[in-house]
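Welcome, and please open your viewer. We will walk through a few stops, selecting residues as we go.

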Amino acid sequence: MTEPPEPAAAAAQPAPGARTGSAGTPGTPPPGGPPAAVRPGAGRRSVTGRATAAGVAVSALLILAIVFGSRLLENFDSALLPYAVATVFLAFGVAYRYTVWVSAPGARRLFKQGWRSFFSVANFRKAPTALPRMIATYLGFQKFLGARSHARWAAHQLIFWGCILAALITFPLTWGWFTFTSNSGSGPGYEMRIWGFRIIGFDSLDILGWLMFHGLDIAAVLVIPGASYFLWRRMKDRGAITGQRFAYDLVPLIALIVISVTGLLLTFSSIFLHGGGYEFLAVLHMVSVVFTLIYIPFGKFFHIVQRPAAVGMQLFKYTSRQDQEVLGCRRCEEPIDTGPYVDNLRGTMRDLGLGFDEWAEYCPRCKRVLRGSAYLSQVKKGFK
């Protein structure tokens with residue numbers, strides 16, 4: 001194993017902006033001009049077209065699912081139409097953004113390796129419990145956050161489970177998949193139906209009935225302290241303040257708090273105020289929810305969609321360690337990662353046109369040492 005070549009002297013480097021031909025000679029364009037795949041705008045137009053098509057297809061499928069799942073709109077509540085329209089825009093945005101994301105070289109490799117590991121029979125035989133364990137620990141309980149801060153982990157768990165509970169209740173109700181009906185018209189006996197089929201009957205005055213009708217309130221109680229903690233941290237923590245952006249980092253937290261607070265106020269109005277101010281609160285709640293749903297694909301919340309793809313990569317790394325030696329640093333022999341994982345990283349760097357993919361075989365410390373040595377030998381000596 002050899003170390004990567006030291007940076008060439010400044011005199012041997014091409015001038016800034018100089019074109020480099022296929023043989024590396026400055027100013028020599030490749031014969032025949034640039035290939036079609038890399039012509040300016042060609043690849044971008046291709047990705048945009050695929051992403052648009054994916055968004056339209058997913059939106060159309062969701063509309064069909066709403067129509068047929070609500071029994072040709074028989075169980076669809078027209079008062080929830082704005083929410084349903086927002087979910088259609090959400091479906092388009094998620095499909096569009098996900099397609100664009102997966103089209104990038106790094107994400108594409110991660111995506112392929114993840115699915116390959118997921119469907120690998122050999123991986124299942126080697127570690128049959130690995131995938132469910134990673135789904136539980138990486139997606140469900142997010143143990144990797146606990147290593148950073150127990151408070152951040154607890155706050156993230158409150159937001160995560162609160163949002164999951166709210167989504168499981170809100171989306172099916174919005175689409176007309178869930179219905180609650182009463183033979184007497186005013187209870188207390190109710191039936192929950194899914195796609196028109198009776199699932200369970202309950203009394204609205206017992207514990208199960210209370211949980212059924214106050215599930216969104218429980219979700220709001222979970223989300224408010226979690227979002228408030230992160231909002232407080234972004235106001236006080238210097239590290240968070242330095243790199244934060246209002247629209248990207250603060251707006252999602254504010255939106256979650258507004259949705260949760262207005263939802264609780266709706267319950268408070270109906271129980272204690274006999275409906276006073278209910279219409280205004282309902283409109284405010286609806287606007288905040290619709291805005292958040294449309295914002296999800298294009299803001300910080302998009303990591304919710306990206307996170308499951310990382311489970312496949314974690315599975316790929318885990319199964320690679322089961323029967324392969326960990327690759328050592330080419331300079332100090334300290335363990336880096338498995339050979340397949342390093343090869344995957346090098347391939348991604350080559351796809352991105354980075355001409356130093358061999359540096360993936362060095363540990364972080366040795367990378368810093370080699371960069372420092374190159375600076376002293378090639379740059380610093382010019383100031384002596």
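Is R350 buried, partly exposed or exposed? At a relative accessibility of 48%, R350 counts as partly exposed. Keep in mind along the way that this is a predicted model.

D357 itself is buried, since its relative accessible area is 10% and the cut-off for buried is under 20%.

With a relative accessibility of 19%, R346 counts as buried.

**Stop two: E361 and R330**

Next, select E361 and R330. A salt bridge joins their side chains, with 3.6 Å from N to O. E361 is in the loop between α14 and α15 (364-379), and R330 is in the loop between β4 (326-328) and β5 (335-338), so the pair ties together parts 31 residues apart in sequence. E361 and R330 are both buried.

Show these residues together. R330, R346, R350, D357 and E361 are linked in a network of salt bridges. The count of salt bridges in this model comes to eight.

**Stop three: helix α3**

Where next? Select residues 105-118, which make up helix α3. This helix has 14 residues and reaches 20 Å from its first C-alpha to its last, close to the 20 Å expected at 1.5 Å a residue. Color P105, A107, Q113, G114 and S117 in α3, and you have picked out buried residues.

**Stop four: where α3 meets α14**

Bring back helix α14, residues 339-351, alongside α3. The two helices pack at an angle of about 145°, and their axes are 8 Å apart. Which way does α3 cross α14, left-handed or right-handed? The crossing is right-handed.

To see the contact itself, select P105, G106, R109 and Q113 on the α3 side, then N344, G347, T348 and D351 on the α14 side. The residues of this contact divide into one nonpolar, five polar and two charged.

Note on methods:
Residues numbered from 1 in each chain as written. Predicted model: local features only at pLDDT ≥ 70, side-chain atom pairs only at ≥ 80, totals over all residues. Heavy atoms only, no water. Axes fitted to C-alpha atoms, helices over the stretch in contact; angles between N-to-C directions. Helix = DSSP H or I, 4+ residues; strand = E, 2+ residues; numbered from the N terminus. Left-handed = near helix turned anticlockwise from the far one by under 90°. Contact = heavy atoms within 4.5 Å. Nonpolar A, V, L, I, M, F, W, Y, C, P; charged D, E, K, R; others polar. Expected span 1.5 Å × (residues − 1). Buried < 20%, exposed > 50% of the residue type's maximum accessible area, 1.4 Å probe, protein only. Salt bridge = Lys/Arg side-chain N within 4 Å of Asp/Glu carboxyl O.
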